[in-house]
Amino acid sequence: MAHRDREDRPQRSRRRGQGELEVQVLAALRESAVPVTAAWVQERLGGDLAYTTVVTILTRLLAKDAVARERRGRSFAWTPTADVAGLAALKMRRLLDGEGDREAVLASFVTALSPDDEQVLRALLEAAHPAEPTAAHDDAGTGGTRTGGAGTGGTTWAGDEPGAPGVPGAPAGSAGRTED
């Protein structure tokens, strides 16, 4: 029996990261202005994936509402309904929905944000929910109420002083405040 060196063995391709193929398929779909077939996607990705693999990925994206399909003959034509950021947001929402203590998960998430990411999140929250002209309220019992609004340089939180009560486990002044 002949001994084979490791160098003689064919090299396996690296294992793809979780969701990597979904991102590649979604990016390929977004390159087209019209609905395309799985065969088109397969060709666009270089043809090294099996057709059935491409169909499986498209079907998983359909279940995540990231693509839509329409019958075209005996096959389907596929269209993206989300971009890569939308797909990532969907994954985040599904993870959050799967947890029993949403507040703890969100608190852990926001306390781990960099200051730049925290500012982006604050600006996005403010844009999504502009401050009402009436006084803000705090039903969550976090000790912080939302104040300020457009043109005030961003959302501030009453009780953001050091040592002020906030989300359990979140440092004072963090984006971990909640509002209804």
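Trainee: In what order do the elements of the chain run from the N terminus on?

Mentor: This is a predicted model, in which local features need pLDDT of at least 70, side-chain atom pairs count only at pLDDT 80 or more, and totals for chains, interfaces and linings use all residues. Residues are numbered from 1 along each chain as its sequence is written, and side-chain values use heavy atoms, leaving out hydrogens and water. Helices (H or I, at least four residues) and strands (E, at least two) are DSSP runs numbered from the N terminus, and the chain has six helices and four strands. From the N terminus on, the order is α-α-α-β-β-α-α-α-β-β.

Trainee: What percentage of the residues of the chain count as buried?

Mentor: Buried means under 20% relative accessible area, exposed means over 50%, and partly exposed lies in between (1.4 Å probe, protein chains only). The chain has 180 residues. The buried share is 26%.

Trainee: Is W78 buried or exposed?

Mentor: First find W78: strand β2, residues 75-80. Its relative accessible area is 3%. Because of that value, W78 is buried.

Trainee: Which residues does W78 touch, not counting those up to four places away in sequence?

Mentor: Contact means heavy atoms within 4.5 Å. V36 is one of the partners, and W78 and V36 are 42 residues apart along the chain, with C-alpha atoms separated by 5.2 Å.

Trainee: Which backbone oxygen lies 2.7 Å from a polar atom of the side chain of S32?

Mentor: S32 sits in the loop between α1 (20-30) and α2 (38-44). With a relative accessible area of 18%, S32 is buried. The backbone oxygen in question belongs to V34.

Trainee: How is α1 oriented to helix α3?

Mentor: Two packed helices are described by the angle between their axes and the distance between the axes. Axes are lines fitted to C-alpha atoms, for helices over the stretch in contact, and angles run from 0 to 180 degrees between N-to-C directions. Here α3 covers residues 51-63, the axes are 10 Å apart, and the angle is about 85°. Angles of 65 to 115 degrees count as roughly perpendicular, under 35 as roughly parallel, over 145 as roughly antiparallel and the rest as oblique, so α1 and α3 are roughly perpendicular.

Trainee: How do the residues of the contact of α1 with α3 divide into nonpolar, polar and charged?

Mentor: From α1, L21, E22, V25, L26 and L29 meet T53, I57, L58, R60 and L61 in α3. Ala, Val, Leu, Ile, Met, Phe, Trp, Tyr, Cys and Pro count as nonpolar, Asp, Glu, Lys and Arg as charged, and the others, Gly among them, as polar. The division is seven nonpolar, one polar and two charged.

Trainee: What is the orientation of α4 and α5 to each other?

Mentor: Helix α4 spans residues 84-97 and helix α5 spans 102-111. Their axes come within 9 Å and cross at roughly 135°. The two helices are therefore oblique.

Trainee: Which residues in α5 meet M92, L96 and D97 in α4?

Mentor: The residues of this contact divide into five nonpolar, no polar and two charged. On the α5 side they are R102, V105, L106 and F109.

Trainee: What is the relative accessible area of V105?

Mentor: V105 belongs to helix α5. Leaving aside neighbours within four places in sequence, V105 is in contact with L96 and E99. V105 is partly exposed, with a relative accessible area of 32%.

Methods
A polar contact is a pair of N or O atoms within 3.5 Å; within protein, one must be able to donate a hydrogen and the other to accept it, and residues adjacent in sequence count only if both atoms are side-chain atoms.
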